[in-house]
Amino acid sequence: MALKFLGIWPNTPDDGSPTIWVEEETGDLIIQSWKADEETIRQAQEVGSVPGHSTDVPSHETVIRLPANMLQFIPRTKSEADSGNSGT
């Protein structure tokens, strides 16, 4: 797996800062960020996603909170960049 660094929380201290990498072969994003608190997880479970899909978070997954200012580091396709679609 070959990772490429994309960005880190601006004005970061020496440790524990949100960071984003991309796995170059697959395009998968690898994200280090803050764990969502229990209230955020509860709200996400209440909102759900698609009808009939479990809202439980499996043991091999977690919920993170990605700060809005980190969105600038998420790669966009050329067509998204050309159209001004920020994906948010």
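E46 counts as exposed because its relative accessibility is 58%; the classes used here are buried for under 20% relative accessible area, exposed for over 50% and partly exposed in between, with a 1.4 Å probe and protein chains only. The structure is a predicted model, in which local features need pLDDT of at least 70 and side-chain atom pairs count only at pLDDT 80 or more, while totals for chains, interfaces and linings use all residues. Residues are numbered from 1 along each chain as its sequence is written, and side-chain values use heavy atoms, with hydrogens and water left out.

E46 takes part in a salt bridge with R42, where the closest N and O atoms are 2.1 Å apart. A salt bridge here is a side-chain nitrogen of Lys or Arg within 4 Å of a carboxyl oxygen of Asp or Glu. Both R42 and E46 lie in helix α1, 4 residues apart, or about one turn of the helix. Helices (H or I, at least four residues) and strands (E, at least two) are DSSP runs, numbered from the N terminus.

R42 also meets the side chain of E39 in a salt bridge, at 2.4 Å from N to O. Because E39 and R42 are 3 residues apart in helix α1 (residues 38–47), about one helical turn separates them. The count by this rule comes to 2 salt bridges, and E39, R42 and E46 are linked in a network of them. R42 is partly exposed, at 34% relative accessibility, and E39 is partly exposed at 38%. Along the chain, E39 is 36 residues from L3, and their C-alpha atoms are 32 Å apart in space.

The next topic is the aromatic rings. How many aromatic pairs does the rule give? The count comes to 1 aromatic pair. The pair is formed by W9 and W34 and is edge-to-face, with 5.1 Å centre to centre and 70° between the planes. Rings of Phe, Tyr and Trp (its six-membered ring) pair if their centres lie within 6.5 Å; planes under 30 degrees apart count as stacked, over 60 as edge-to-face and the rest as tilted. W9 lies in the loop between β1 and β2, whereas W34 is in strand β4 (residues 34–35), so the pair ties together parts that are 25 residues apart in sequence. W9 is partly exposed, with a relative accessible area of 25%, and W34 is partly exposed with 39%.

The loop between β1 (3–8) and β2 (19–23) also holds S17. Is S17 buried or exposed? S17 counts as buried because its relative accessibility is 6%. Leaving out residues up to four places away in sequence, S17 touches I8, W9, T12 and Q32, where contact means heavy atoms within 4.5 Å.

K4 is found in strand β1 and counts as partly exposed at 43% relative accessibility. With residues up to four places away in sequence again left out, K4 touches W21, V22 and E24. K4 and E24 are 20 residues apart along the chain, and their C-alpha atoms are separated by 6.6 Å.

L71 lies in the loop between β5 and α2 (78–83) and is partly exposed, with a relative accessible area of 35%. S59 is placed in the loop between α1 and β5 (64–65). S59 is exposed, with a relative accessible area of 82%. From S59 to I74 there are 15 residues in sequence and 26 Å in space, C-alpha to C-alpha.

The last topic is empty space. Rolling a probe the size of a water molecule over the atoms shows where such space is left. The largest pocket has a volume of about 190 Å³. Of the 14 residues that line the largest pocket, A44, Q45, T55, D56 and V57 are the closest to its centre. The lining divides into 5 nonpolar, 7 polar and 2 charged residues. On a 1 Å grid over the protein atoms alone, a pocket is an open set of points where a 1.4 Å probe fits, with protein on both sides within 12 Å along at least five of seven lines, and lining residues have an atom within 4 Å of a point. Grid points are joined across faces, edges and corners, and a volume is the space filled by probe spheres set on the points. Ala, Val, Leu, Ile, Met, Phe, Trp, Tyr, Cys and Pro count as nonpolar, Asp, Glu, Lys and Arg as charged, and the others, Gly among them, as polar.
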